[in-house]
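Please look at the sequence and the structure below.

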Amino acid sequence: MSRRVRLWLVLAGGAGLAAVLVAACLKLPAFGGDRHPYGDRAVHASLARRTANTISSVNFDQRAFDTLGEMTILFGAVLGCVMLLRQTRDEQRAAPEPADVARPVRRYALLVLPVALVTGIYVIAHGQLSPGGGFQGGVVAATALHLLYLGADYTALERVRPVGAYEVGDALAASAYVVTGLAALIGSGAFLANTLPYGTFNTLSSGGTVPLLNAAIGMEVASAVVVLLARFLDQAVEIVKESGE
Amino acid sequence: MHVLPYLVAAWVFLAGCYGLATSRNLVHAVGCLSVCQAGTYVLLLGVGYRDGATAPVFSDIKPGSRPVVDPVVQALTLTDVVVGATVTALLLALVMQIAKRHGTVDPDELSELRG
């Protein structure tokens with residue numbers, strides 16, 4: 001099929017899909033309406049369990065089992081990337097050369113690194129209270145480490161980031177989530193049930209199992225992002241094709 | 001005006017689909033898939049919006065003092081973003097393998113099977 005015929009086919013199909021989508025949009029409840037039965041019930045359940053951040057309550061309490069599935073997708077994707085981006089037989093590792101970094105960049109990166117790392121950990125730790133949580137904070141903490149690559153060079157980054165340890169951390173965090181769920185199963189008869197005392201509203205220890213699951217997710221996401229970026233950076237910086245290929 | 005956010009979501013989704021279908025570069029195609037997903041974020045957040053409402057976080061507002069937007073769709077959007085990011089990473093890894101094995105990232109030139 002030539003590109004031209006294909007483009008016409010896409011446009012025809014797209015026009016049909018657009019018509020159906022517009023018809024569906026016109027039948028949706030009006031934007032900004034006041035009727036949100038599920039939302040109201042979620043807010044009510046979250047307040048009853050003394051979790052200030054309703055979204056964390058939905059993710060780690062009311063829909064904790066779905067988050068287990070989401071975490072498994074993340075884990076599987078990281079595993080797939082590690083398999084796809086491994087060193088093949090016709091490739092070899094070259095030691096990365098030290099690079100010159102402009103002094104303002106170096107100073108700024110090294111100054112911001114600890115701040116960004118603490119911000120990431122803060123966002124994870126306060127997941128049940130303020131906007132944020134394990135997913136968001138994990139990404140911030142993991143990317144903070146990579147400021148070292150900008151500020152110094154790849155060898156310095158590799159020294160603070162043993163990839164093997166993060167791979168183990170990823171697996172440990174994923175199992176910590178499952179173990180917390182199993183503990184609830186033994187304690188109360190339901191997998192991932194929120195069985196711990198709910199604590200005082202709007203304090204760090206409130207929400208029962210929400211902070212625990214949130215911390216497990218934070219560790220999992222941080223480790224996963226570090227491992228992922230390490231594999232992609234290896235491809236860009238270290239792995240070279242053998243000559244004569 | 002009551003359907004505009006939904007129409008924006010549909011428009012973003014269709015723009016991503018058009019890019020996917022006409023893409024000449026697999027990295028560009030992965031980007032277009034992200035655009036398609038961005039349409040679903042707009043749709044989810046649009047469905048959950050409530051006039052004059054604030055974020056469903058009660059660390060600094062008194063419960064019941066103000067209306068809040070639907071937290072269920074916000075949690076779904078978070079799931080959406082996470083899955084989107086992991087799928088993008090996996091697809092980019094696949095593109096790297098294709099570039100290494102076939103020496104091209106143009107989907108039109110990838111017609112033959114190679115072991």
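Beyond its neighbours within four places in sequence, A:Ala116 contacts A:Val140, A:Ala144 and A:Leu147 (in contact: C-beta atoms, placed from the backbone, within 7 Å). This is a predicted model, in which local features need pLDDT of at least 70 and side-chain atom pairs count only at pLDDT 80 or more, while totals for chains, interfaces and linings use all residues. Residues are numbered from 1 along each chain as its sequence is written, and chains are lettered from A and ligands numbered from 1 in the order in which they are written.

**A:Ala116**
- Helix α5 of chain A (residues 103–125) holds A:Ala116; helices are DSSP runs of H or I, at least four residues, numbered from the N terminus.
- A:Ala116 counts as partly exposed because it has 18 C-beta neighbours inside 10 Å (buried is 20 or more other C-beta atoms within 10 Å, exposed 12 or fewer, partly exposed in between, with C-beta atoms placed from the backbone).

**Helix α1(B)**
- The buried residues of α1(B) are B:Tyr6, B:Ala9, B:Ala10, B:Phe13, B:Gly16 and B:Cys17.
- These buried residues fall within an arc of 125° seen down the axis of α1(B), so they line one face of the helix (the arc is that of the directions from the helix axis to the C-beta atoms).
- Their cover includes α1 (3–27) of chain A and α2 of chain B.

**Contact between the chains**
- Chain B gives 40 residues to the contact and chain A gives 42 residues.
- On the side of chain B that touches chain A, α3(B) supplies the largest share, 16 residues.

Definitions and conventions. Contact = placed C-beta atoms within 7 Å. Helix = DSSP H or I, 4+ residues; strand = E, 2+ residues; numbered from the N terminus.
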